[in-house]
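Okay, thanks everyone, let's get going.

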Amino acid sequence: MKISLAWLREFVDLPEPVSELQEILSDLGLVVEGTETVGESLDDVVVARVDEIRAIKGADRVRLVVVDAGDGPLEIVCGAMNFEVGNYVPLAPVGAVLPGGFEIAARTMRGVTSHGMLCSSRELRMSDDHQGLMILDDLIEPHVGERLLDALALTPDVIFDISVEGNRPDAWSIEGVARDLAVRLRRPLRGPVLASPNVTETSDSFAKAGIDDPESCGRLTVSVLRNVRVALSPSWVAQRLQHAGMRPISNVVDASNFVMLELGQPTHPYDAASVAGHTIRVRRARPGETLTTLDGVERVLATPGRGLGDTGEDCVIVDGDDQILGLAGVMGGASSGTSDETSDVLLEAAFFDPMTIARSSKRHGLRSEASHRFERGVDPELGLRAAARFVAVLQESVPELEWLAAPLDVRGDVPVPPTLTLDDDDLKGLLGITIDRDDLTSILSGMDFTVSERDGGLEVTAPSRRLDIRSGHLGRADVIEEIARIYSYRRIPRHNPAWPEVGGLTERQMLRRHLRDVIVDAGAFEAWTPSLGSDADFDLLYPGRERVRITNPLSSDESVLRATMITGLVRAWARNFERGTGDVVMAEFGVVFEHPSETSAPHVARGGVGGALTLNLPRENERLTVILGRPDDDARSAVALWRLLEGRLGLDDVVVRASEAPAGLHPTRTGTLVDRASGRTLGFVGEVDGELVGAITTVPGVRRLGLLDIDLDAVADPDVAIRRSPLVRVPGRFPSAVIDLAFVTPRTVHAADLEFALRGASDLIESVELFDVYEGPGLSEGSRSLAYNVRFSSSERTLSDQEISEARAALIAAASSLGAQLR
């Protein structure tokens, strides 16, 4: 936001140098990104009239312009195309020095000598507009040869480029910034000149106002102005707007923009002759309605009623015939503005629900100065004061202006400012210091908080414009933050915090970092996909299933919490694949959500009266999902990656079992990772369902995608995922004995279960490894042969033939317990 120092000085005395003011503003949380001086080095620039425009042979981007600056015709070569004969423009003659030290000299181009330069606003450092020449006809009644400084009544000024945080709606105005400076510097804050109704006729004799949607519009004020004459704004108004980066248009529109910048209240002047019944109402848009906004774009207005969490509502301004005049809080309609024939104006100043405006603005891709302010929160009590300032500014160019008495004022649901209690312990606990009670009262009163003594502390009520101040203990922290900001954080002594224990990572954090290192070492790129998606995305895998919705989404495409990361990762991979960069492995750590009706166990939150409080909340599950998208990747690649992770994590007794594939995984190329001891599922390994890949991308030749999906909640549970000792087993000094055993087993016996049984058959067993699987002639139907290589050893002696024979018998007995027979 651009703030004029001269404008600030109209509200508060600021004799400090610019550098000091810059530091003060930044310390107040209004960070100054940069400063710019305007109105300097313009002494030689004069007003010139365009008398002739001619083409230059062989040049299609520049023209020869003949101008008169009071000393006869001058030929200027100019590349701008936004002017015509008769316009008045700024001329920098030969020898003039423009801002930045740029000296104008005679130059020859295409055989034509240019005797000066015609200037844009940016070249004069008066605004950022560089679309063409600065057309003075739009700003003033110019005179040939007059100095530009005199014509525009320009005085040097400093422009601060300030970054205002989203939680400071009160600072989106000149007055808001000046108030912060006044309280910090302990100086009085002056108010702007306000007008009063100057005729006895009341507004309700001419106009009507109403609110049909009190949730979206908390207050609507309508002022009736008569004897309006649309003309140019006074030069000082135009100058203020230009310094703020806005283009002057007309005295009526400029007064509206001026008040918005000065006080923070957007207003909209309607030509009363174009408003049916001289009526302004606020309601929600209905299905099928459209609006052509001031930018000339026809917009289809969204409608409510698309289910829980729907964000399709638009708030609109309508007239007495229920015709839409504008998209409330964002932009007016193309037919709602004023014109040269306007004589009566209906001035609307309202308070709209911030989230309603934010959603509409984002949904329509339409951001305006008004929407910036409304979506952060405009003071609900500011409308009539803004109207009084609008009239005062407009009367500078229209002295005969009439403002009817008793402006229309309709209220809906207006936020109630919270009342909080504050004592010295609160400040000491959050800031580590105690501030004198008189200083506290001075700071809060200066920021328009209502302060009174109560029970040894302070009772504080926030002003209506501070919609960022919350209730309860959070609001108490908000107020203390305001105190610290005005008091200055630099005045708060630094403290080195002393903790009874040295900080460190939790077991879960260390597990997460370890897994991240392993998958990155394995060649994966870590990805991030949105946790919010659309119903359409959810229905790709879970049609008809209950889903977790949020109640205040910014759009319908971000209204459902994901139940899996597979969809998002496949979509991300597909986008890379379509751009020729699909030979990648993508992994994501994230949380998925399950609807309470889909989970068997309730979510338990600690605290509250009586101890644990059982709440019916969605289940959150942290997972690691990996998509393997290289040309040769498939289920085997995913299993290999799991074996790597299993080894690096030191997991024991985890088997891959065939089971019904969950949504998103291939029905026949998927296995379930099961902890054998507890039977708990640790995740899934296999391939992505080809139907899901086909639904997301239509590019021909899409390859098979390996998939590894791990439940980190289960892996982190020490009672479920048993880990081997990290200590290395030292090889024995004595020879080992190796035998091969083949067992005929029913197909229902898992090879891993038989392997675990064999490992536990004797203390002499060093390793058991499956090396052959056979099905075919010689075996009964429904059975197969599993062959294992078994190694025996002892750290104390060389094994005897009898010990090996006894161990072999123990192996056969262990296998028979599972229905396996020695082949």
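So, let's start at Phe 792, which at 1% relative accessibility counts as buried, where buried means under 20% relative accessible area, exposed means over 50%, and partly exposed is in between, with a 1.4 Å probe and protein chains only. Before I go on, the housekeeping: this is a predicted model, so local features need pLDDT of at least 70 and side-chain atom pairs count only at pLDDT 80 or more, while totals for chains, interfaces and linings use all residues. Residues are numbered from 1 along each chain as its sequence is written, and side-chain values use heavy atoms, with hydrogens and water left out.

Back to Phe 792. You'll find that residue in strand β42, residues 783-792; helices here are DSSP runs of H or I with at least four residues, strands are runs of E with at least two, and both are numbered from the N terminus. What does Phe 792 touch, not counting residues up to four places away in sequence? Quite a list: Ser 736, Ala 737, Ile 739, Leu 764, Ile 765, Glu 766, Leu 799, Ile 804, Ala 807, Arg 808 and Leu 811. Contact, by the way, means heavy atoms within 4.5 Å. Take Ala 737 from that list: Phe 792 and Ala 737 are 55 residues apart in sequence, but 5.1 Å apart in space, C-alpha to C-alpha.

Now the cores. In general, nonpolar side chains in soluble globular proteins tend to be buried together. A nonpolar core here is a set of buried Ala, Val, Leu, Ile, Met, Phe, Trp, Tyr and Cys residues joined through side-chain atoms within 4.5 Å. The largest one has 112 residues, and those with the most contacts inside it are Phe 160, Ile 162, Leu 225, Leu 346, Phe 352, Phe 390 and Ile 483. Helix α9, residues 383-394, gives the largest share of this core, eight residues. If you click on Leu 225 and leave aside neighbours within four places in sequence, the contacts include Phe 390, Val 391, Leu 394 and Trp 403. Apart from that core lies another, of 27 residues, with Val 518, Ile 519, Leu 628 and Leu 673 among them.

Helix α13 (residues 507-521) and helix α16 (residues 635-649) have axes that come within 11 Å and cross at roughly 140°. Axes are lines fitted to C-alpha atoms, for helices over the stretch in contact, with angles from 0 to 180 degrees between N-to-C directions. That makes α13 oblique to α16, given that under 35 degrees counts as roughly parallel, over 145 as roughly antiparallel, 65 to 115 as roughly perpendicular, and the rest as oblique. On the α13 side we have Leu 511, His 514, Leu 515, Val 518, Ile 519 and Asp 521, meeting Leu 644, Leu 645, Arg 648 and Leu 649 in α16. Those contact residues divide into seven nonpolar, one polar and two charged; Ala, Val, Leu, Ile, Met, Phe, Trp, Tyr, Cys and Pro count as nonpolar, Asp, Glu, Lys and Arg as charged, and the others, Gly among them, as polar.

Next, Asp 180, in helix α4, residues 174-185. Is Asp 180 buried or exposed? Buried, with a relative accessible area of 0%. Leaving out residues up to four places away in sequence, Asp 180 touches Leu 28, Leu 30, Arg 168, Met 447, Arg 485 and Ile 486.

Two of those, Arg 485 and Ile 486, sit in the packing of α4 with α12, where Asp 180, Val 183 and Arg 184 meet Arg 485, Ile 486 and Tyr 487.

Most residues other than glycine have a negative phi. Ala 153 has a positive one, near 55°, and at 43% relative accessibility counts as partly exposed. Leu 154 is in that loop too, but is buried, at 10%. Leu 154 touches Leu 42, Met 126, Leu 148, Leu 149 and Gln 239, not counting residues up to four places away in sequence.

That's it from me; over to you.
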